[in-house]
Amino acid sequence: MSRSRKPTRSFFERATLTVARALIGMHLVHRDGGTVRAGRIVETEAYLGPHDLAAHSSRGRTQRTEVMFGPAGHAYVYFIYGFWNCLNVVTGRPGVPHAVLLRALEPLGDLQESTWGPGLLCRALRIDRRLNGADLLGDELWLEYPCKRSPAARVVRTARIGVDYAGEWAKRPWRFFDRDSPFVSTASAARRRAHLAAGRARSSGLGNNAQRPR
């Protein structure tokens, strides 16, 4: 993983829906002391506040949402349900509170923890509110292009998840994901993960004694 593959600031300053789609296939990297953890982004959701009622910024400019109003390319990390941290990428121009939630990663390197879901990916990469406001072009938490040219992801666009309270805004097709990745947070991807795990167990010689992943 090389920090020389980072995008420029202008990558994040584009329209939020454009960024949300473009993030699919990019790598998220966290240097935590002497440990580097990374994953390939396979699922995102765009939030276009303040008019978007699913966005935190629809409630106005607060201490919690302040970073969303700042320059693009910074991390907006929030805490939810008393347990999970979630990471968003601030996009667009200053003063307009737009951001993209990272919903799922495909693990890279030796990363073994679950990464399919915004809270799980933050836990796996050790991302918490201490990184709120971090520059995603910096040296601690950053985004980068893959080191090798790979086939373009087949990106699917659907409505966002878990925002029914937002009324008509909940129907906006602002969720993007790689349809071929088994690490997306959908039921079909879960079945593919189970099949993949079973195949690995067989190849490692565990055979029928392997437990089915839950």
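Is Asp180 buried, partly exposed or exposed? Asp180 is partly exposed, with a relative accessible area of 34%. On that scale, buried means under 20% relative accessible area, exposed over 50%, and partly exposed in between, using a 1.4 Å probe and protein chains only.

Before I go on, some ground rules. This is a predicted model, in which local features need pLDDT of at least 70 and side-chain atom pairs count only at pLDDT 80 or more, while totals for chains, interfaces and linings use all residues. Residues are numbered from 1 along each chain as its sequence is written, and side-chain values use heavy atoms, with hydrogens and water left out.

Let me start with strand E2, residues 35-48. Strands here are DSSP runs of E with at least two residues, helices are runs of H or I with at least four, and both are numbered from the N terminus. Twelve of the 14 residues in E2 are buried. Two strands count as paired if DSSP finds at least two bridges between them. E2 pairs with strand E1, residues 27-32, in the antiparallel sense over six bridges, and His30 stands opposite Arg37 there. E1 and E2 make a hairpin with two residues between them, and Gly33 in that turn has a positive phi of about 65 degrees. E2 also runs antiparallel to E5, joined by nine bridges, with Ile41 partnered by Leu105. Three bridges join E2 to strand E8, residues 175-178, again antiparallel, and Glu43 sits opposite Phe177.

Now Glu43 and its charge partners. A salt bridge here is a side-chain nitrogen of Lys or Arg within 4 Å of a carboxyl oxygen of Asp or Glu. The whole structure has 15 of them. In one, Glu43 meets Arg103, with the closest N and O atoms 3.0 Å apart. Glu43 is in E2 and Arg103 in E5, so this pair ties together parts that are 60 residues apart in sequence. Both ends are buried: Glu43 has 0% relative accessibility and Arg103 has a relative accessible area of 10%.

Back to Asp180. Its salt bridge partner is Arg154, at 2.7 Å between the closest N and O atoms. Arg154 lies in the loop between E6 and strand E7 (155-158), Asp180 in the loop between E8 and helix H4 (187-203), and the two are 26 residues apart. Arg154 is partly exposed at 46%. Salt bridges with shared partners also join Glu43, Glu45, Arg103 and Arg175 into one network.

Next, the second largest pocket, which holds about 460 Å³ of space. The residues closest to its centre, out of 23 in the lining, are Tyr47, Tyr78, Ile80, Leu101 and Gly162. A pocket is an open set of points on a 1 Å grid over the protein atoms alone, where a 1.4 Å probe fits, with protein on both sides within 12 Å along at least five of seven lines; lining residues have an atom within 4 Å of a point. Strands E2, E3 (75-80), E4 (84-91) and E5 (98-107) each supply at least two lining residues.

Last, the cysteines. The search finds zero disulfides, a disulfide being a pair of cysteine sulfur atoms within 2.5 Å. For Cys122, the nearest cysteine sulfur belongs to Cys86, 6.0 Å away. Cys122 is buried at 1% relative accessibility, whereas Cys147 is exposed at 57%.

Methods
Grid points are joined across faces, edges and corners, and a volume is the space filled by probe spheres set on the points.
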